[in-house]
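Dear colleague,

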Amino acid sequence: MHLKIYREMSKVRVRFAPSPTGPLHLGGVRTALYDYLFAKNQGGDFVLRIEDTDTARYVEGAEDYIMEALEWCGIIPDESPKHGGKFAPYRQSERREIYDKYLEQILKTDYAYIAFDTPEELDEIRKEFEQNGEVFAYDNITRNRLKNSLTLAKEEVQKLIDEKVPYVVRFKMPVDRILNLEDIIRGKFSVNTNTLDDKVLVKNDGMPTYHFANIIDDHEMEISHVIRGEEWLPSLGLHYLLYEAMGWERPEFAHLSLILKPEGKGKLSKRDGDKFGFPVFPLNFKDPETGNISKGYREEGYLPDAFINMVALLGWSPADDKEILTLDEMAKEFDLHKVHKAGARFSKEKAEWFNSEYLKSKSDEEVLALLKNVEGINLENSSDEKLLKVISLMKERATFVKDIYNDGKFFFEAPTYYDEKAVKKAWNEETATILNELSTQLETWDMKPEIIKQKIHDFAESKSLGMGKVMMPLRLSLVGELKGPDVPDILEILGKEESVARIKNAVHQIK
C-alpha cells in the first residue's frame, strides 16, 4: 500500500502523553489509538510518555492503570516507561536535568523572563481589573507594570534570586505579530500575538509546565507529529513560538475534535455515563482516596477488539464506510486527513452493536473460554459439550458473553417461577393432560432436534391441536417464560430426564 508522506524526515514518531491524574477517559483512548494507527500506517514509532509534573493532582495507581488499559486495548507502545527505549526516561518527573539545561538556554534569549509576583499580589490585581469591568491577563501590556526581570534592575533581580525569593519563568509573548498556524485536520489559520498572554513555563518549584516540558520532550524524542485533543488548540501559537525561541524544527500538529455526549451539547463526561448507563473508562478504576469505583468497558463485558473498533470510528471514517475492522486493517487505512473536524457523538447502542457483532464472529470454542472467565456464574455441573451447544444457540442473540448465561439460565437451572402473563396465555384446563401425555411419549424419543420437531408435530396432529397449544405450554414448562430458542433445541440440550422432570413440575405447580 502506498504510504502518504506527511513530512520530509527520516522517520515518523508520535507520542501519547497522558497525565497520571486519574483514569484514562474514552477521549484519551482515542488519542492514543489515532497516534498508534498513524505510526503503524507510516512505518513509524509510537511512544508512551507520562507527563507527571503536576504533583498536586497526581493520583496513586493512575500510571499503572493507563499502561494496563492500553495493553487491554491492544495499543502497545514501541517505547515507554515499561518498554524502555533510546530516549529514556519516559516520565517527565525523571527528566528535570534536561529541562534545567533548556531553561538556561531560553533565559538567554528575549523570549522568556523571571516574574516574582506572588499569587496574592496577582489576585489583588485581578480584583482591581474586575472592579473596572476588565479581565486581567499577564501579557505584553500588564507585564511592564509588574514585578519581573523586565521592570526590575539586573542587580535587584539577582538579589531576589540569591535571597531565594520564589519566582516563575514566563514566556515573553511578542507584540502584534501575526502567526500563521497549520493543523493537519483543520487547515491553516492565523493568530495575533496580542490576544495571547505570557504563560508560565517553569513553576516556582522549578518544575516546567506542560507548555515548556512537552516541546522539550518532543524535540529530544524526535517527535514528528503531535496528535492531541482540541483543548490544546489555543496553545498552538505559544508552542510555535517556543520552537522558534529554541531554534528547533516544529513537528506537525493535528488536533482531534471532542467526543460528544449522547444528547445535548458538550463533551462526554463520567456524569453522562452514570446518567445513561455506560462506562467512559476502558477499565474499572478505584479512587484511592474515596474508594469509589468507576465502571470500565472490560468489566462490563466488552471485548477489547469491539471496544477499540467502536472508538476508532468516533471521528474517522475508513474507505467504503466499512464498520468492522481489525486493528491491523485500521492501521493500513488510517489517514489523519480523513479525521473529522466536527465532534463525534457517542452512542451506547452503537457500542453494544459492535460488541454483539464481534461476539457473533468468534468461534464457539473462543466464546466458551470467555464464558468460563465471567465472574458470578456457576458452570461446574455443565460439560463443555453442553456449553458449546448452549453457546451455539444463544450467541446470535447476545450482546455480551455474560448474556449467554443470563439469558439462557434455564439451561442450567430449572424454573422455580412461571411468568403470570405467560401462564394466562399458554395454559388452560386441558394443558396438564396434554403435557402429561406428551412427556410419556417424550421418554421414547430420539433426542435430535429435527426428530423432536416432527414428533411434537405428529403428537399435536393426533390430538387435533394447533402447534401453539402444545409448544407454548411446553416452552413455559422448560423455561418459565415464553422466550428462548426453538423448543426442540432446548429439549435436546436438557435431555429426556431433565425435560420430563420440568414438565411434571410445571403440571404440578401451575393450577
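In this predicted model, α1 gives the largest share of the lining of the largest pocket, namely 5 residues. The helix α1 covers residues 26-41, and it is joined by β1 (13-16) and β8 (225-229) as elements that each supply at least two residues of that lining.

The largest pocket has a volume of about 1,000 Å³. It is lined by 39 residues, of which Pro 18, Ser 19, Gly 28, Glu 231 and Trp 232 are the closest to its centre. By class, the lining of the largest pocket comprises 14 nonpolar, 13 polar and 12 charged residues.

For the second largest pocket, the computed volume is about 390 Å³. Its lining consists of 17 residues, and those closest to the centre are Arg 298, Gly 301, Leu 370, Asn 373 and Val 374. Two or more residues of this lining come from each of α9 (297-300) and α15 (401-406). The lining of the second largest pocket divides into 8 nonpolar, 4 polar and 5 charged residues.

I also examined Thr 142, which is located in the loop between α4 (119-131) and α5 (154-162). Is Thr 142 buried or exposed? Its relative accessibility is 6%, and because the limit for a buried residue is under 20%, Thr 142 counts as buried. Leaving aside residues up to four places away in sequence, Thr 142 is in contact with Phe 129, Phe 136 and Ala 137.

With kind regards

How values were computed: Residues are numbered from 1 along each chain as its sequence is written. This is a predicted model: local features need pLDDT of at least 70, side-chain atom pairs count only at pLDDT 80 or more; totals for chains, interfaces and linings use all residues. Side-chain values use heavy atoms; hydrogens and water are left out. On a 1 Å grid over the protein atoms alone, a cavity is a set of points where a 1.4 Å probe fits but cannot get out, and a pocket is an open set with protein on both sides within 12 Å along at least five of seven lines; lining residues have an atom within 4 Å of a point. Grid points are joined across faces, edges and corners, and a volume is the space filled by probe spheres set on the points. Helices (H or I, at least four residues) and strands (E, at least two) are DSSP runs, numbered from the N terminus. Ala, Val, Leu, Ile, Met, Phe, Trp, Tyr, Cys and Pro count as nonpolar, Asp, Glu, Lys and Arg as charged, and the others, Gly among them, as polar. Buried means under 20% relative accessible area, exposed over 50%, partly exposed in between (1.4 Å probe, protein chains only). Contact means heavy atoms within 4.5 Å.
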